[in-house]
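This briefing is intended for reading alongside the sequence and the three-dimensional structure. Please keep both in view while working through the points below.

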Amino acid sequence: MYPPRFEYSAPRSLEEALDLLAEVGDEGRVLAGGQSLLPMMKLRLAAPAHLVDINRLPGLGSITDTNGEISIGALVRHADVATDPTVAAHAPLLAAAAPWIADPLVRNRGTLCGSVAHCDPEGDWNSLMLAVGATVVATSREGTRTIPIADFVVDFFTNALRPGEMVTEVRVPKAGPRTGGAYLKLERKIGDYATVGVATHLRLDESGRIAQAGIALTSVAPKNLKVTEAEELLVGNEPSDELFAEAAEVAARTCQPTSDVRGPAEYKRAVVRTYTERGLRRALAEARGEA
Amino acid sequence: MTTTVHPKTSPEVGGIGHAVRRKEDDRFIQGAGRYLDDIVLPGMLHMAIVRSPIAHGRIRSIDTSAAEQTEGVVAVITGQMLAEHNLAWMPTLSGDTQAVLATDKVRYQGQEVAAVVATDPYIARDAASLVFVDYEELPAITSPQQALEPGAPVIRDDKEGKTDNVAYIWEAGDKEATDAAFAKADVVVTLDTHYPRSHPSPLETCGALADVNPATGEATIYLTSQAPHAHRTLFALVAGLPEENIRIVSPDIGGGFGNKVPIYPGYVVATVASLLLGKPVKWVETRTENLISTGFARDYHMHGELALTSDGRILAMRASILSDQGAFYADAQPSRFRAGLFHICTGSYDFGAAHVTAKGAYTNKAPGGVAYRCSFRVTEASYLIERLVDNAAWKLGMDPAEFRMKNFIRPEQFPYRSPTGFVYDSGDYHTALREAMKLVDYEGWRRKQAEGHPEGKLYGVGIASFTEVVGAGNSKEYDIAGIKMFDSAELRIHPTGKAILKLGVRTQGQGHETTFAQIVAEELGIPYTDVKVQEGDTDNTPYGLGTYASRSTPVGGAATAVVARRIREKAKKIAAHLLEASEDDLEWEPGRFFVRGTDKGVTIQEVAFAAYTNPPEGLEAGLEDVCYYDPPNMTYPFGSYIVVVEVDPGDGTWKVVDMAAVDDCGVRINPMIVEGQIMGGLTEGFAKANMQWITFDEQGNCIGSNFLDYLVPTAWETPRFKLGATVTPSPHHPLGAKGVGESATVGSPAAYVNAVLDALRRAGHPVENIDMPVLPHRVWGAIQGVAVKP
Ligand SMILES: Cc1cc2nc3c(=O)[nH]c(=O)nc-3n(C[C@H](O)[C@H](O)[C@H](O)COP(=O)(O)OP(=O)(O)OC[C@H]3O[C@@H](n4cnc5c(N)ncnc54)[C@H](O)[C@@H]3O)c2cc1C
C-alpha cells in the first residue's frame, strides 16, 4: 500500500500547529491517530498535500474532571477512554462503549477527538456524543470556540470546523445520579464498523420519570443520527415497555439505512428497533440501580 | 481403529507420535523469516501493475506517455509489447488461456492491462495511475445463470468460434442406475445452495523477483510458489526459455492455501521486464490486488437430491453444479477432472448409485478456482452431501446423528468402492461420530435445546461427518498440465550422522521442516533436530509437484519414508561389515543395528561415518538416495464435527457455544502440528459459514477487495474447539498416514450451517437453506419468512 506523495510537519507546540494549519489551509490535514486518515491515503481515497502531526503537542493527552464535565484532550486514545478511572466514574457509558471501537491495535492509536472530527457516519463515538450531549472545543489562531455536538456533526464526513481550526478537546457532561445508558452495536467481527449502532442514555428525576433522554444511531444515515422525536416522546414520562417500544418504532422509522453487504435496509431498520428497545431497557435498569 | 499411537522412538529422537515443537518457528516468531519482499538485489527495479477499473470493456487505446515521462520510470509494458514476443496470453492449469496483459478486452475488474517499472515502488505506483486506458464499456456478466442466458454477450470472443459462455461440461457416475433408484424412492429431498466465492487471502500476498542475467541468460526467479518445480517447467514452456537456465526459488512463504499454485500475469511480466531491462525486477501485490485478481475459490451453485426410503436409508444421489469460473477457466486441478474431485460427493454414506453433472460458465469476474485448503472441489462436494443428509433427517423426522449412523459405510466394507468410482482406503465413521457425540455431550445439548434457552435465544446442534479424498496421485489418473502427480525425497546422511532431506513439495507454514525430519527420525533413529529439511529451490531439490490438496504427507512423506528405508538397507550392509556379522543376524532398533542375541551393535551415526571412511568392499561410498513416490491410491481422511450454536432471533446473530471435532487422518506424525492444522481449518470453516465472501455488484465491481469487506475472523470470534482423534491407518501409505491439511476447512462449514438451521427448525421455522455466509440478516430473513438480498 503506497500513499501518494505528501508533506509532513510535526510541530512541538499548539501555536506552531495552529500557524501551520492556517498556512496550509484546505490542502492540509491534522494527523492524530492516523487510523482513518492513513488507510484512506494508502487506498488513495485521500491525497492531502500536507499532514500536520499533532502527536508531539503537549497537554492534549489528558482526561480531566472540570466541574460538571469531563474533558477529553485531542490525543486521548480510544484505549485510554476504556480504562480511565475518571471516565469510568463519571461517564460510564463511554467506558463501556470504548471496547466496541475497532480492535485493540486501532484503539491504542486512534483518538476520540479524531473520530469525532472525522464525522464518519459509521464511527461510533459521535452517536455516543449525541446521546449524552457533548461539546466540541475548536481552536485556531483566532481563538477558541465551543460547538454543541449536534451542530458539529454536519453531514457525511463533514464537520463544522473552519479552515485553520482543530479540535483540541471534547467535553462530556458528567453522568449524575439516576442515569444510565447503553451502546449496542451489531458488527460482523471485532474491528468491523457497525452494521447498526444504537446509543441510548436516560436520566430519571426523583419521582422516577424520564428527565432526559438521548438516542443516536450509527451507520443508518449519512451522519450519526440523533433521534430527537423519540427523545421528546420519552421525556416527562413514566418509563414502560410500551413507551420504549414506541420510541424504538420512531427510531426505526426515522433512520435512513441503505442496502449493502451488511444487510438490506429493512433488516437494519428492524435491528434499530430491537436495539433501541433493548438499549432503553438497559439504560433504565442502570438508572434505577438494578444493573 | 485406536485413539492413541505410542511412539517407538525416544523424545530426543522425536520420531512419529512426538508432539515436538516446530523447528521453523524460532525464525518465524523472531521475525527472522525471509520472505519474497525481504529479498533485495543490487540494481533492483520495482514493478506496479495497471489494472482495469471496469469488469468488461474493449480497449480502444492505451496512452503511456505521461507515465513514461515520470522521473524514475524505466519502462512501461503493455500487452501489445508482450504480443510481439508471443507472450500476451499464457496457458492456465486447466488448459484454457489467460491474458497476461490485456490486448483486446478487459474481462474483469482488476485485470492486468499494463505494467510500470521504476526505480522505486512509490514512483511505480504514481506512474501507474498516469497510464490512461480508453475503454468502450460492455455489459458485465456477474453470475453463471446470466452467462448462460441465450444472447448473453460472449466474454471469450478471443477463442475462435466461441458463441456462448460455457467453459466446460462434465459428468460422472451412472445416470441410469441413479434414475432407477430415484424411481423407487419413498421420499426425495432436494437442496439448492450456493457455495460463495471466497479467497485464501494468505498473510503474505503474491509476488516475484525476477533476475535474468544478461550475460548468461540464466533466470533466477524468486517466487511465492507452492509448486516451484512445476512452475519452472511451465515457465520453460510458456516463455520458451531453456529449463536448465531457469531457477525458481520459493523463499519462506507466508501462507498459500492454494493461492500460490497458479502462475499469475505479474510473475510473467516481471520476468519479461527483467529479460528486457537486464536488471532484477520485483513485483509484490498489494492486499487489494491479491483479493481482486488472484485465485479465488468455490463459487459453486449446487443442486442436490437424495432418494430415500421412508425408514431412513439413502438409495441414491443426484447433483448438478453450475460453476462460476470467472473470465478464464483456471482451476488448479488434475487435468482429467473438469470439476475437480467433486464426485466424492457421496461422502461417508453407503448407497448404490450417484450421478453428477457439472457446467462451468465464464463470467466477468477474476479467474482462479484454486483449491483453497481443499483437494480439488472436495469442499463443495462434502458441503453438499452433509447439508443434504441433514435436510433428509429433518424431512424424515429422524435425529441427524441416528440418520448418519444408519447410512454410514461400515468398517468391514473397506476398501470401499464408491458409486462414482473412488476406492476408499480405510475408515470407521461410526466410532468417529460416537466420539464426537461424547466429547460435546450431544444428548445433554439436545436436552437443553428441548428445555429452551434461558434468555429466549435458540439453541441449535449441527453435525458434519465428512470424508475427503486427498494425496494425489496415483500418476495413472492424476496429472497437472501433463506432469504426473508423484513426489520426491532425496536424503543424504553426512559422515557425522547428520542428515539433509530435500523434497519436491513446498511448505507454506505446514511445518514440513519438523514433520519430515520426524519421519527420518522414525525410520533411521537420527534425532529430528539433526535432520535439515530443504525445499523450494529447484536447483537444489528433486522434482516434485508441490504442496496443495493435502498431498505432502501422503506423497512426499511416503517418499521420505521409502528413501529412509532404502538408506537403512544400505546402512545394514555397512553395519554387517563393521560388526563382522552376517546381515541376516542383524536386528534394527531405532538408531542402532545389533547382532541378534548380543549387545554388540553400531549406531546409525557410526554407520554413516563408515560410509565415507570405511565402506565395505564392493559397496559404493556415501549414504544417499532419492525416491520418486507414486502412491497406489489416494488417502481418505474423515471425521465428525458437532457444533452447538445460540441464535438471537432479535438480530439474527449466532454464536458457537460448543464444538467438538474428531478427526481421523490415520497415523499422526506430529500430533501438535496436526491439531494446529485442524484448528486453523475449523477457524476458516467458521469464517466461511459466518462472515466471509467475495461478491460483486451489478456492474461487476468486486466487493471484498480489502479486509474491511473481506472478513477474516480474529481470536475474539473464533469458537473454542474440543479436539478428539481416532486413528485408522491408511493401509497403502508406508506410515499409515493420511493428509490432514484440509480436513477441517472441508468438513466444518456444513456443521456450522446445519447448527443454525437446526436452531431455526426446532423453533418452528421450516427453513430449507440459508446460503453461506450465514449472515445475521439472512437468519433474520429466514425467521421472518422473507427473502433477503444479498
Ligand atoms: C481496522 C479499523 C477498524 C476500525 N473500526 C472502527 C469502529 O469499529 N468504530 C469506529 O468508530 N471507528 C473505527 N475505526 C476508526 C478509528 O476509530 C479511528 O481512530 C478514528 O476514526 C479516527 O481517529 P484518529 O485519531 O485515528 O484520526 P486520524 O486518522 O488521524 O484522522 C481522521 C480525520 O480526522 C481529522 N482529525 C483528527 N484529529 C483531529 C483534530 N484533533 N482536529 C481536527 N481534525 C482532526 C484528520 O485530519 C482526518 O481527516 C477503525 C479503524 C481501523 C483502521
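In this predicted model, A:L43 is found in the loop that runs between α2 (37–42) and β3 (50–53) of chain A. A:L43 has a relative accessible area of 34% and is therefore partly exposed. Together with A:M1 and A:L45, A:L43 makes a nonpolar surface patch of about 280 Å².

**The ligand and its surroundings**

- The ligand is surrounded by 31 residues, and the closest are A:V30, A:G33, A:G34, A:T111 and A:D124.
- By class, this shell consists of 15 nonpolar, 12 polar and 4 charged residues.
- In the side chain of A:H78, an N or O atom is 2.9 Å from an oxygen atom of the ligand.
- In the side chain of A:T111, an N or O atom is 2.6 Å from an oxygen atom of the ligand.
- A nitrogen atom of the ligand is 2.7 Å from an N or O atom in the side chain of A:D124.
- Taken alone, the ligand exposes 960 Å², and the protein buries 92% of that area.
- Two or more residues of the shell come from each of the elements β2 (28–31), α7 (112–118) and β10 (166–173) of chain A.
- The element that gives the most to the shell is α7(A), with 4 residues.

**Salt bridges**

- Over all chains, the structure holds 71 salt bridges.
- One of them joins A:R188 to A:D192, with the closest N and O atoms 2.8 Å apart. Both A:R188 and A:D192 are buried.
- Another salt bridge links the side chains of B:E523 and B:R565, at 3.0 Å from N to O. B:E523 lies in helix α14 (residues 512–524) of chain B and B:R565 in helix α15 (residues 552–579) of chain B, so this pair ties together parts that are 42 residues apart in sequence.
- Because B:R568 lies in helix α15 of chain B and B:E523 in helix α14 of chain B, the pair ties together parts that are 45 residues apart in sequence. Both B:R568 and B:E523 are buried.
- Salt bridges that share partners also join B:R58, B:D96, B:D104, B:K105, B:R107, B:R156, B:D157, B:D158 and B:K159 into one network.

**Backbone geometry**

- Most residues other than glycine have a negative phi, and most peptide bonds are trans. The following points concern departures from that pattern.
- A:A102 has a positive phi of about 50 degrees, although it is not a glycine. A:A102 is found in the loop between α5 (92–97) and α6 (104–109) of chain A. At 14% relative accessibility, A:A102 counts as buried.
- A:C119 is not a glycine either, yet A:C119 has a positive phi of about 55 degrees. A:C119 is found in the loop between α7 and α8 (125–132) of chain A. With a relative accessible area of 1%, A:C119 is buried.
- The peptide bond from B:A472 to B:G473 is cis, with omega near 5 degrees. B:G473 is found in the loop between β20 (458–467) and β21 (479–480) of chain B.
- The peptide bond from B:M772 to B:P773 is likewise cis, with omega near -10 degrees. B:P773 is placed in the loop between α18 (743–762) and α19 (776–784) of chain B.

**A buried loop residue in chain B**

- B:T309 has its place in the loop between β15 (297–308) and β16 (314–326) of chain B.
- Is B:T309 buried or exposed? Its relative accessible area is 17%, and residues under 20% count as buried, so B:T309 is buried.
- The C-alpha atoms of B:T309 and B:A185 are separated by 5.7 Å, although these residues are 124 residues apart along the chain.

Technical notes. Residues are numbered from 1 along each chain as its sequence is written. Chains are lettered from A and ligands numbered from 1 in the order in which they are written. This is a predicted model: local features need pLDDT of at least 70, side-chain atom pairs count only at pLDDT 80 or more; totals for chains, interfaces and linings use all residues. Side-chain values use heavy atoms; hydrogens and water are left out. Patches are made of residues with over 30% relative accessible area and no salt bridge: like charges are joined within 9 Å, nonpolar side chains (Val, Leu, Ile, Met, Phe, Trp, Tyr) within 5 Å. Accessible areas come from the Shrake-Rupley method with a 1.4 Å probe; for residues, only the protein chains shown count as cover. A salt bridge is a side-chain nitrogen of Lys or Arg within 4 Å of a carboxyl oxygen of Asp or Glu. Buried means under 20% relative accessible area, exposed over 50%, partly exposed in between (1.4 Å probe, protein chains only). A residue is near a molecule or strand if one of its heavy atoms lies within 4 Å of it. A polar contact is a pair of N or O atoms within 3.5 Å; within protein, one must be able to donate a hydrogen and the other to accept it, and residues adjacent in sequence count only if both atoms are side-chain atoms. Ala, Val, Leu, Ile, Met, Phe, Trp, Tyr, Cys and Pro count as nonpolar, Asp, Glu, Lys and Arg as charged, and the others, Gly among them, as polar.
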